[in-house]
Amino acid sequence: MARKEPRVKEVNENDIEVKGEPKEWAAGLPAVYHSMKPAIEHMGLARALGTTFRMNQKHGFDCPSCAWPDPKDRSPFEYCEEGVKAVTWEATPVVISSDFWAEHSLTDLRGRSEYWLGMQGRLTEPLYKPAGEDHYRPVGWDEALGIVADRLKSLESPHEAAFYTSGRTSNEAAFLYQLFVRAYGTNNLPDCSNMCHESSGWAMGQTIGIGKATVTYDDFGQADLIILMGQNPGTNHPRMLTALELCKRNGGNIVAVNPLPEAGLKRYKNPQKARGIAGKGTELADQFLQIRLGGDMALLQAISKRVFEAEDKNPGTVLDHEFLEAHCEGLADLKEHLLLLDDEEVLEATGLRAEEIDELAERYLRAEKVIITWAMGITQQKKGVATIKEIINLLLLRGNIGKPGAGAAPIRGHSNVQGDRTMGIWEQMPGTFLDSLGKEFNFDPPREHGADAVETFLRMQDGRIKFFMALGGNLISAISDTHFAEAAMQKTDMTVQMSIKLNRSHLVTGKEALILPVLGRTEIDVQETGRQFVSVEDTVCVVHASHGGVEPVSKNLLSEPALVARLGALVIGDRIDADWAGYEKDYDLIRDHISRVVAGCEDYNERIRHEGGFVLPNGPRDSRTFHTPTGKAVLTVNDLEAVQRPEGTLLLQSMRSHDQWNTTIYGHNDRYRGIKGGRHVLFMNSGDIEELGLADGQYIDIHGVHHDDAERVLRNFRVVSYPTPKGCVAAYYPEANVLVPLDHVAEGSNTPVSKTVLVRVEPAAQQTAGPEDKMSRETAPV
């Protein structure tokens, strides 16, 4: 099954091309070509077809990229370009051979790009880097797991360890992992939610009692109006475009609120429909509001103010008084606050014209069923929590929660990040969950809140966290303040990564390091009792099974549940009532525990085998019940705080290119934005380019501007003239993370603020981005 191929060459950032204007539409035949061509090239025809036609099917495997839900009536082609790229990346039969590790030191590999690292192939054997050495070496499973167990047992306190989780992890592995960690004695469970939708969870939990979407898949087709804020579905979750198209076909309206004009929000050519192949496709956004970075909260308050003003003009006809009186509190205080809103301050914060805001308000007032959906463009702002509370305010005013075609819809961009939270992956799980967990396994779980992702690095830096383990992911590339984070990670005694493919987190290590290779979601998982399956939760609370369908690239891989179970047996043993050996043999045993511990998961083993799975309970959506202290949804008062931009500075947002998924880089093109052959670009407004005395195509240095005076700089990036708002620029993630200070976080959620970063742009000291410059930037010491 496994094979070796010539390894990919690094891309020279000098060769960047800008291919005309940004695209005006997304998907169509180009999406088919750009997904299937690499799939066949890298996997072969049989494996490519064997994966794509099983992806998101009722008896297939769940897409390992985004968490977009599946329709009840599914197409045989229930996948998108990004999903096929994710599967190609994971299911490649190319493997890293044992001699690779003798050939390449960590020092050498740290000079390589994420793209090059990922393209080397699958990891198939445990690897160990002893203290003081610069190479990994292959070891056996018993030796590798024995090293982990010995180091964990040697720590003076369980709180000296932190255990990260990626959103790709299944429900079964996540539940077992958090049990292992809590039985070990800590709640240090940072996860990828800390860096994406943590703000959504905080805001929604405090206002409506649950941090999850209050809509179903079918609601998108029934909505009169969908407002999309801070998201780019054409690149980050393309299957959403089909649901938006259904809304338009059913007579609904769509409004896009985003700093950049995105092709997927303009027009969609559905490759499964004739109009998407030969025709013009479907125009999606009826209105595009090109908002300034950080201006979303002001816009939402302005719309809600107009709702109150409309009610005052026509009493009893605008607000949903019956709903508000029965189910909400705080209406009078909110009205008093918003009627004092300064309209000029709103225009300054948003960069919009009053007529544009009036038009959106009129659309909202005409619509009986409204969905507001958002992603990290909202959550990664300093006022992200308050902004989402304003989304909830606006929806509640006209009863747009708890009825068909209406609701709040945070769109999770990681395949099972929501399921991991449901299973207990959170450093602040409520007492009710911990009580059930302790009762089920006969132990007293720790109650002290643990470290989230940002706090984990702060504790590493001061020596309080000495051991770090990650169940998937690439945290060192995902976290903000890259140089600080790398220096902190290197202060630990040991780092352990459970992984599918090589990434930068394997190279920035503690004194000792281990890599433990695991099965991918696409692969068949056979244990002692037979073929196994796992389960996941999508962004609208549907829990469903995922069955791997292709042969593993190596017989030496362990599944994630099996790996965690073995660690549990070695480290925890019989200190709790857990059948660690049994969990590896039969995942039904894990699900039996889930059914008794996790609310809403009763009879898990039976219900997960139903076609399409089952839907978790959701009070606001199902019955307009709100699990808040008073039992009512809370309309909140939030003080507007406009983002200040001192003279000579710009506001930066980081974002994905079209050829990537989170920190995984599939290629160096971003065809919807017209970029080919590189990633080191800064998208700038033409007026800003002129005012700063720069030129389109010029190479510049990007300096972070922050109160701590630490030097944060990206060197030799190419200026690209682009239709961004005045004063706002954009660069690709994770490269731009170096500019985001670790303490630059959202209020309340502690999420890194990657959407409003103050920067200063200067002509580059060197006018080209040669390989030596690139390597020094990626590996620069703190």
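Biologist: Okay, what is the mean pLDDT of the chain?

Modeller: This is a predicted model, and the mean pLDDT of the chain is 94, with 97% of its residues at 70 or more.

Biologist: And where is the pLDDT below 50?

Modeller: Over residues 769-782. That stretch still has 34 contacts in the model beyond near neighbours in sequence. Where pLDDT is low, the predicted coordinates should not be read in detail.

Biologist: Switching to pockets: what volume does the largest pocket have?

Modeller: About 1100 Å³. It is lined by 34 residues, and the closest to its centre are Gly 209, Ile 210, Gly 211, Lys 212 and Pro 430.

Biologist: Which helices each supply at least two residues of that lining?

Modeller: Helices H9 (198-207), H22 (417-422), H23 (431-441) and H31 (619-623). The largest share, five residues, comes from H9.

Biologist: How do the lining residues divide into nonpolar, polar and charged?

Modeller: There are 12 nonpolar, 17 polar and five charged residues in the lining.

Biologist: Now the sheet. In what order do its three strands come?

Modeller: The order is E2-E8-E9, in an open sheet with mixed pairing.

Biologist: Why is one side of E2 and of E9 left without a neighbour in the sheet?

Modeller: Because E2 (26-27) and E9 (282-283) stand at the edges, each with a single partner strand.

Biologist: In what sense do E8 and E9 pair?

Modeller: Antiparallel, over two bridges, with E8 spanning residues 267-269. Tyr 268 has Thr 282 in E9 as its bridge partner.

Methods
Residues numbered from 1 in each chain as written. Predicted model: local features only at pLDDT ≥ 70, side-chain atom pairs only at ≥ 80, totals over all residues. Heavy atoms only, no water. 1 Å grid on protein atoms, 1.4 Å probe; cavity = no way out; pocket = protein on both sides within 12 Å on 5 of 7 lines; lining within 4 Å. Points joined across faces, edges and corners; volume = space filled by probe spheres on them. Helix = DSSP H or I, 4+ residues; strand = E, 2+ residues; numbered from the N terminus. Nonpolar A, V, L, I, M, F, W, Y, C, P; charged D, E, K, R; others polar. pLDDT = per-residue confidence, 0-100. Contact = heavy atoms within 4.5 Å. Pairing = 2+ DSSP bridges.
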